[in-house]
Each structure stands twice: as C-alpha cells, then as structure tokens.
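Please keep the sequence and the model in view while reading.

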Amino acid sequence: MHRTGELYGQFETLEQQKESAALGMWVFLSTEVLFFGGLFMTYTLNRHYYPVAFGVGSNTLDLKLGGLNTVILILSSLTMAMSVWASSVGKRKQTTAFLAATLALGSAFLGVKVIEYKQKFDHHLVPGYHFQIDYRVQHPAPNDDPKEIEAEKEELSKAFAEDPDLNAHAQLYFSLYFGMTGLHALHMIVGAGMLVWLIRQSMLGRFTPTYNTPVEMIGLYWHFVDIVWIYLFPLLYLIDRHR
Amino acid sequence: MQAQFPLIPEQASNFAPTVDLLMLFIVTICAFFAVAITAAVIYFFFKYERKHQTEIGVPIHGDVRLETAWIVVPLVLALAMFAWGAVVYVDYRHSPGETLDIYVVGKQWMWKVQQPNGLREINEVHLPVHRDVRLIMASEDVIHDFSVPAFRVKMDVVPGHYNTMWFRPTKAGRYRLYCSQYCGTNHAIMTGWITVMEQGDYAAWLSGAAGAEANPLVAGEKLFAEKACITCHLSDGKGRAPSLNGLYGRQVQLADGRTVTADDAYIRESILQPNAKIVAGYQPLMPSFQGQLTEEQIIALTAYIKSLQNESPPPTGAGTAPPSGKK
Amino acid sequence: MDRPTSTRSATAAVYKIPQEHYLNSAYGIRSWLLTTDHKRIALLYLFSVTFFFFVGGIFATMIRIHLMTPQGFLVTPETYNKLFTMHGVAMIFFFLIPSIPAVLGNFLVPLMIGAKDLAFPKINLLSWYIYVIGGCFVLYSFSTGGLDTGWTFYTPLSSVYSNSSVTPAVLGIFINGFSSILTGLNFVVTIHTMRAPGMTWFRLPLFVWAQYATSIIFILGTPVIAITLLLVGLERMFHLGFFNPALGGDPILFQHLFWFYSHPAVYIMILPAMGVISEIIPTFARKPIFGYSFIAGSSIAIAVIGFFVWAHHMFLTGESVYAALAFSFLSYLVAIPSAVKVFNWTSTLYKGSISWDTPMLYALGFIGLFLIGGLTGLFLACLGLDIHIHDTYFVVAHFHYIMVGGAVMGYLGGIHFWWPKITGRLYPEFLARVSAIILFSGFNLTFFPQFILGYLGMPRRYHSYPPEFQDLNVMSTAGASILALGYLLPMMYLVWSLKYGAVAGPNPWPSTGLEWKTDSPPPTENFLVTPEVTWEPYDFETRPDLELDHIVAGKLPAPAHGDD
Amino acid sequence: MSEHIVSPKVYVGIFLSLMVLTAATVAAAYVNLGPFNIVIALAIASVKATLVVLYFMHARYSPKRTHMVIIAAVFWLAVMLALTLSDYVTRDRDMAADTQVTKVS
C-alpha cells in the first residue's frame, strides 16, 4: 500500500491510522508482559524453593548502582514523556532535545549495567562451570574492605549451614538475574536504536502536532521497559537487605 | 489376552473394575451424543436437501431456550463425569495406612526395584495378591512413568521428586509393565513384568530368593546355568571350553603364546569379548555376552567363578598351564 | 453431481476472469517476496505450510510403516524417536498453527470486514519472513542430527540428556513464535479499527470472530513458550539449571510453562477450523446460522477458558491433588462452548436448503470427527480415567481426531470453499468429493483403532510393542495409506484447476459474506469502492444481490446427491 | 490515542512521586517485616507501575479498548502465576500426606 503524506494507503483517515498504531503497540506490550512473565514465574518458584540462596545472591548486588539505575531510568521516562508532549504541541527543538536526553540516560543506564556485570564476572558469579558463590571471600582483591569480606564470609557460612547446596541454588539466582536484566537490557538497546531513528526524524522535522505517532509509540515502549525495571529492582536487589 | 479381540486389558487390581466402570459410564454418555448428533446431521442432509436451485432455507435465527438447554444439560453431565473421576483419583492418590512398600528407581532405560527386605530386581516386580502395595519412585536421570495397564495405574517418575502410587493386585499372574513417559532412545524397551503371586508363594519367594539373589554367589551359579555356560565349561575339563575350576588367580597360557593372570578384569573381558584371549588348546567358539548381562550379573558370575577355587582340582590337567581361560 | 455441474457450466458461460487482479498486478519474484498485499502473503504462507505439511507427512508415513510389526522393521530406535519428534514439530509449529490463520485468515480477514489490507502490511510480510527463518532453523536441526526429544521438549531429557540437535530446533520455534504473535497482533488491530462502515461487531462473519479468539491466544500464549524454549536453549548452551533437578531446577515448572501455551495452542488449531465450518454450513444450507451470538461468544469463551486448563496434561506428574481437581473441573467447563457450537451447527441444518458440495462434505466430516475428538477429550479430562489412558495411544488418537480430523478437515474444507475466490477458478467437483470421502474413511481407519490400543495400554512413542497389539497397528497403517492418497489427490486436482478449472465468478455458491462481493480473484485493493454493510450476517432472505436465479439461468433443478 | 495533552507539570509531579516511592521501597527493605517485605516491595512497585501506565503512557486518557488490553495482560499474567503456584503451594497440604511430593535437593 502506498503512502500519501502522513497517511498509509490501507487506512482511510489519520485518526484511524493513529488508533491502529496505538492499539498495535499496546497489544505488543501485552505480549511483552507475558514474555517477561515466563521469567517472573521461574523466578517466583525458585525463590519460593531457595529463599536463603536468593537472599545471599541478592545481597552481593550493589544497591547503590541499582538505585542509581532506577533513578536514571525513571528520569529517562520523564524526558520521554516530555518529548511526547513537546512533539504534540509542535515544539520541534524541545522534542529533539528531550529525545536526546532520553537516549543519553538510557545509555547511562546500560553503562552502569556493564559495570555491574563486570563486577559479577570478576567475582565468578556468572553462571557456568566457573560459578562459585564464595569466590570473592576466598580470593579477596587487595582493595577490598576486610571488614566487608569478613561480614560476607559470616553470612555465607550461615547460609551454607542452612542450605548445603547453596552454590547451585545461588547459581539459579544469578541465572535469573542475568536472564532478566539481560533481556531488559536487550529491550533498552532496541529502544535506544529506535530513539536514534526518532531523533533523526525529529531533526528533519517529520513530527507535527497532527502526526507524532512514532514518538508516542516508542514512548509507550520506553515506559514499558521502565515498568519492567520497576519490578526487577525490588525483586533482584531488595530480597534480603534487612539481614 | 482373554478374548480373541479384547477391548479392555485384564482386570488385575482393585482399580481395574472401578476405572472400567467409569469408562463405561463416559462411553455411554458420549456414544449417545455422538450417535444422536451424527444421525441428526445425516437425517437433515437427506431430508432438507436442496429441491430447486433458488430455494433458500427457513430463516431461523436461534432460540435462547434451546441454547440454555444445551449449555445446562452437557454441563450437568460433564460435572457428573468430573465428580466420579475425582473420587477415583483422590482414592488413587491417597494410599491406605498399611502398605507393602516397594522402592522403584527409573533410569535410562531400566527399572530398578527393591523389595521391603532389600531384595533387588530389575525390570521385574514380584508382588503378593490382595495386599495394598505402595510404590515409592524416584528417577536417576529423566522423567519416566511406571505404568501397569492391567492394574489401570501409572505415575510419572520425576528426577528431584519422590512420587508414590498404590494399588491392590487382585489376581495372580504376569502383567506387563511399561515406561509411559518418553525417556529417550530405548524408551520402548524400558518394559518389564509384574508377577503377582499368592501370598504364601510371595513369602516363600521373598525368603528363598532373598537368600539367593542377595548372595551374588548363588545368583552367579544360577546365571552360569541359565546362560548355558555350564554346557561347555564342564568342571571336569572335558567340555569344549576349559574348566573354570581353580581358575581365579592362576596364570593362563594363551593360544598366541602369551600368559595372563586370571583376575577380575580378565574374567570380565573373557565374558564380554571371548575372542580377545583364547586359551591354548581351545577353539574360539564362545559367543560374546556384551549387552546381554548387566554389570550386576557380571559381578555375580565373577563371584561364582572365584568360588570355584575350593572344588577339587581338575582331574585331567591340561598340561603345564592349568586349564583355564575362556568361559 | 448434476446440480453443481450445471451451476458450473452456467457460471462458466457467464463469467470471465477479471482483467486485473492481485495475481497479475505485478510479476516477478520480487513482486512476491516484497509484497505487502495480504492476499499474496497468504499464498506465500500457503506454499510454505504445504511444504511443512509434506515434510511432516513423510515422517508420519515412515512411522506408520515402521509400526507394522511388533519389533518395528524400518528404522532404529534412535531414528524412530527422531521421526515422531520431527513429525510433531513440523506439523504443530509449522503447519497446524499457521495453517488456517496465516493462509485463510490472512487472505480473508480484510476481505470479510471490507478493508483494503491488514492494519500493518509490512509487519504481515515480516511475520512470514520470521516464519521462514524459524523454519530454516528447524530444518537445519532436522538435517544435522535430527531431534529426538518429543515435540513436547520435556526437561531434563531435552535440556541435558538428548544428544540430538535440540538448540537450533528450540531457537527455530522461539523465532517462529514471533511470527504467530505478529499475525495475531495484526488481526486484532485490523478487526478493531479497519471494519467497513456498517460492519458492526455482531455483523462480523463467525470466521472473523474465530480469528479474533485465536489471536488472543497468539498474543498472550505464544510469548510464554518462546521464553520457555529459549531458557531450554540457554540451559543447553551455558549449562544453566532452570529446569534441571541436578542443579536445583524443577522439571515440572517447564511443563507448566510449556502447557500454558501448548494447551491453548490446541485451540489455535481448532478455533479457526470451527470458524471455517461456521461459514460453510450457512452457505450450503442457505439459511442464517443458528445462534450467531452463541457461536461467536463460544469462540471467545474457548480462547479464554482454554488458558485455565493446562495442567490437565500433568495429572500424573505428582501435581498437587487440589490443583488436579481444579484443572479437571476447568477442563470440563471448556467442553461446554465446543458443545454449544456443535449443537448450533446441527440446528442450522434444520429446515435448510442443503446442497452436497465438497466444502459441505468437509463440514459434515468435520462435525463427525470433531465430535469423536472432542468427546474423547472428556475421557482424558476425567481424573480417574486419565490414570489409565494418559500417555497411551488413546491420547494419540484423541489429538489426531482434533488436529487432523478437526483442524485439517476444516483447513481443506476452507481451501475448497474459498478456492474460487483465491484463484478465480473452480476445482473439479467429482474428484473433490471422492477425495473428501477417501480422507474421511482413511482417517477413521487410521486413528480409531488407536483408541482401543490406548485403552489396552499401548504407550505412546514406542518403536516396538508387544505382539498382541499388532492387528490394530496394521489396521492403522492400512488406514494411513488411504489417508495419504486422500491428501495427494487434492494437491493434484487443485493445481490442475489453476489452469483448467471452470471460471468461478465472484460468488459461485452463492454466499453472503463481503468477500464474495468483490471479483474472484479480488483486485489488489480488495474493493474498488469501499463497501457498506447494510445486511445481517448469513441472511439470504433480503439479499437479491446474490442472484440465485441468475446463477442457474435456464438449468434444470436436479437432485443434490445425484452422483451417489 | 486521544488528543488529550498532558501538561509537563503533571509529568514532573509523577516523576517526583516515583522518586519518593523508590526511596520508600529501599527504606522498607531494610526493616525486617517477615513475609511482608515482599508484599510491600511488590505493592510499591505496582503503585509505581500504575502511575507510569496512567500518566506517562496516557492510559488514563485512552479509549476503553486500551484499558481492556492492559487488563487482559495483567489478568493473564496473574493466571499464569496463580494457577502454577496453586500446584506448588498446595502440595505440602495434600489431603494424602503420604503421596505428597517433596522436593529433594
């Protein structure tokens, strides 16, 4: 079907086109809910089985970095929402600026994630043959705080007493941690790619108050990815902080 | 089985008549609907076939009373099926207090069974008739399923879980046992037999066999006869194969001139690959038993062969090298 | 035979293939591979699902030949296991699931609601490419070591113990899942936003309702199996333990997630077939369908309740007794909407003006086979009975009655019914009727004995079996050879008809749907003028435009079953 | 999508609420509330998600069918979680204690 101006040939009106796009995006997001849902189910059951190992695994995560990422991502949702607003009132420059800010924040999020992954890699907490939950306390780095190592050692020995198969079960936690955050990060990368395209379109002045559908749709997607993180953050980082 | 063309398997447990009756109930209801609807459709096809080309049907759009009827009636019947099925199932999942407990381990691709007194069986289960039996089942590898159609029972055997099932055999006899959950290459030969015996026979079997099979020596002796080793390896050395009397631990002269010590490894190899080392003076006649004996059976045979030390030495020695070698 | 022939000769005299239509609007391979026309994409799907149907069919033939003797004489156990696995994977994921939705649904949904195309034509094309890519992964798996896990991929057999080519297969199915999702998404949006003026929800053809219900399952079920199979692939690749008990995982969780999709997937296969039957019956009985809103509602009910019953596949896994009771109860509930449909179809025939055209024979066959398939579902949903017949040939027979007896009969019935619309030409009626009858008899001979085998206790997926089961197995194999003929015959005469079939005209039956208001084959934009719907569905009374007189001008009425 | 244009002030307000809630969820995690830790964490997350859906994603100003899609997604997710867990959590209280399936670790 050919496109005439802003209207694709299969549609009769712009209104119909916009409605279709919005419904399509929402339906797609409902698919995404169930897609992540499979992982959430696996997470729920295993956490139900192995509360100790999940607590231990969770406590090895860096809450500061996780919290920082939460703030970054919510802020990026704000800038995304602002760009939708700017495009719908026809402020082209602001649209572009907010989109760029969103992209920057999204990249910052991914950067922090890389730091976190790197840490886990160094501590042999990446699932696989080399996984070892107590690697860090066995091989502390020279700049590690000895008190912290001591505390972690104590926590681990308590946990081992409660769950002799702690290593395997903690590995399950980390499989899920990497699975869930990895899939989330993949969605972020896809979103960032779409943002780059949006920024370009916006700079070319493609968006007007009557036609800003792509900004709105990718906005919906971006907010959805934010929501996933809103759940992942407490489920992964905050299992057992009060211990 | 019983009839020329049986429609149901033998009924050999307390669940068999119950399940068959339930089957009959559901078959009756379903057959009624299947026949009635098919008959109606065929009747309508003939009765209302188009008479002339411009004819159209009578425009009937529906009838809420009819719709209600055919929602409510099937619902009631379906709930009756549900309720009856539920009663049978709950009974099946709830084993009675006093049971004869048998442990079953599934692994690719065999059933390992342990009787209450520790007696082990493979792909065979001996059970007494008219006793409540409970199977406690685990798997060493993948998911299996222990299924005995004559008893109308089955249950998955899941790694990481213990599953149990119970039943009461009601008829002595031999019944097929299947693995019902696809478990890999030899799924179809992960089968066996359930032998239901009179209670007295079972007790006798358990004590007799327990003494016997628990002792590898006795099991080995039995195997030695069963596998026809005895027909060639005559103890007097006059058979087509060397006598095995006093073999274990001795030096054996081979046809190719080498000499080997008759140890466990040698005996094992001779059973599995008889032609690898031929004893001087004998023909390579023996078939390989590779794949026909389990590890446990080989151990039993070896134990038996070891035990032949105490018997009188072969009356006719095969010269310098003591008669030995191929089993 | 006389009547349809007379119809044909009359139409052939009157109608010509239109000058320009979607098939001749452009030529060349690019015009097909880059098309966004839903009708052309439907044909792309037609070729690809037919390919997979024959791949799966060859495996099925080999299975049946192998099982003629108790020891099984054709292949080794390893090969046998691969045969039934690959048969299942090819047929379920690459034939049955896309068959009616992606071929007939793609072709018909826009036509039936009076739209120019689906809402997202490019996504539609994309979903075909995704299907092809997923198919390539699976074919790669088939040809490099095969696949021997069973189509159910139960862990830990699939994730740890199998030495076959599992990873490419699960990736292929994962990828293919997105094809389903995007098709479903496209349908839902199209049905919501693209209806022609006057096409209210309760004027939608029941086929469209069925597609809508199916799309719900596509959208909300498919992502779960996608992620689950991805996890199995990751387990194999990176030695993870989600479902591996040796590493603390739970193999039963896999079954929950797998069946959360795969049970509703059965309704993906049967609902569209039910939709096809709901179109065929009123057309050839020439009267409004009985209980329109109940049939439409039951489609939605099946799609929704179908999601609450999955653990009835797991009654004997050691599942909680309470959960088993709940799932059995819910399984009986989902039987009701199916029963409602059957009763309504039967009542539609009452006081109709019934003709015995091929699609109607398929509909008749569908009702018969679906009845048996559906009713035997009641046996399996029954907790007490499932203990005995679970994982036996009874199950095999049951789901083949649903999927082959139901879905494939519906698919073929639909292909015949809309063949004139798709190609502009009629298939040869006599051959078509013969092959419908061959299919029906061959099918019953193949699968009915398997019910008995199952009750006698023959387990599924056995490459060898005790000798007492041989008679029934031989019967089944004999039936399969008849069935194979029944599938080859339509292939041949349908291809023949592309060139030699009589020209159909826009509405050869005639039928009331909007798709019959445009040319056959339709123009690229479907309707030259946006249609406006002013009539109720399946209403023959107020439709002079159907030109019942015109079609039979000057011909004698003849007995409808004159060829018997 | 309606033509309703949400003012930036609303967005900023929502953003600030989300920040407060994030702080609250972290704070709550450091208090031992037994089984209620997870309940509170999920409750706060759900409030946050609802705010994002309603305002950032404009669901509040969207047509009914959007609401239906959202409800369907949440409902189906709940069905998957609840019915699967219904199996696992009732195993320990099986009416037949002896057929109970125990996790072997």
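A crossing is called left-handed if the near helix is turned anticlockwise from the far one by less than a right angle, and right-handed if clockwise. Helices (H or I, at least four residues) and strands (E, at least two) are DSSP runs, numbered from the N terminus. In this sense α7(C) passes α8(C) in a left-handed crossing. The structure is a predicted model, in which local features need pLDDT of at least 70 and side-chain atom pairs count only at pLDDT 80 or more, whereas totals for chains, interfaces and linings use all residues. Residues are numbered from 1 along each chain as its sequence is written, and chains are lettered from A and ligands numbered from 1 in the order in which they are written.

The geometry of this helix pair can be stated further. Axes are lines fitted to C-alpha atoms, for helices over the stretch in contact, and angles run from 0 to 180 degrees between N-to-C directions. The axes of α7(C) and α8(C) are 7 Å apart, and the packing angle is about 155°. Angles under 35 degrees count as roughly parallel, over 145 as roughly antiparallel, 65 to 115 as roughly perpendicular and the rest as oblique. The two helices α7(C) and α8(C) are therefore roughly antiparallel to each other. For the composition of such contacts, Ala, Val, Leu, Ile, Met, Phe, Trp, Tyr, Cys and Pro count as nonpolar, Asp, Glu, Lys and Arg as charged, and the others, Gly among them, as polar. The contact of α7(C) with α8(C) comprises 21 nonpolar, 9 polar and 1 charged residues.

Two residues are in contact if their C-beta atoms, placed from the backbone, lie within 7 Å. By this criterion, 31 residues of chain C touch 30 residues of chain A. The largest share, 8 residues, is that of α8(C). By class, this side of chain C has 20 nonpolar, 8 polar and 3 charged residues.

Along the sequence they follow the pattern β-β-α-α-α-α-α-α-α-α. The C-alpha trace of chain A spans about 70 × 35 × 30 Å along its principal axes. A residue is buried if 20 or more other C-beta atoms lie within 10 Å of its own, exposed if 12 or fewer, and partly exposed in between, with C-beta atoms placed from the backbone. Of the 243 residues in chain A, 51% are buried. Among the contacts in chain A with a separation of 6 or more, 76% are between residues 24 or more positions apart.

Within chain A, helices α2 (residues 51-59) and α6 (residues 146-162) pack at an angle of about 160°, and their axes lie 10 Å apart. α2(A) and α6(A) are therefore roughly antiparallel to each other, and α2(A) passes α6(A) in a left-handed crossing. From α2(A), A:Val52, A:Val56 and A:Asn59 meet A:Glu155, A:Leu156, A:Ala159 and A:Glu162 of α6(A). These residues divide into 4 nonpolar, 1 polar and 2 charged.

Chain B contributes an open sheet of 5 strands in the order β3-β2-β1-β5-β8, with mixed pairing. Two strands pair if DSSP finds at least two bridges between them. The edge strands, β3 (120-122) and β8 (163-167) of chain B, each pair on one side only. Strand β2 (residues 110-114) of chain B runs antiparallel to β3(B), to which 3 bridges join it. Opposite B:Val113 stands B:Glu121 in β3(B).

Most residues other than glycine have a negative phi, and most peptide bonds are trans. A cis peptide bond joins C:Thr155 and C:Pro156, with omega about -5°, and C:Pro156 is in the loop between α5 (121-143) and α6 (157-161) of chain C. The bond from C:Ser520 to C:Pro521 is also cis, with omega near -10°; C:Pro521 lies in the loop between α16 (470-500) and α17 (548-551) of chain C. C:Tyr538, in the loop between α16 and α17 of chain C, has a positive phi of about 55° although it is not a glycine. C:Tyr538 is buried, with 28 other C-beta atoms within 10 Å.
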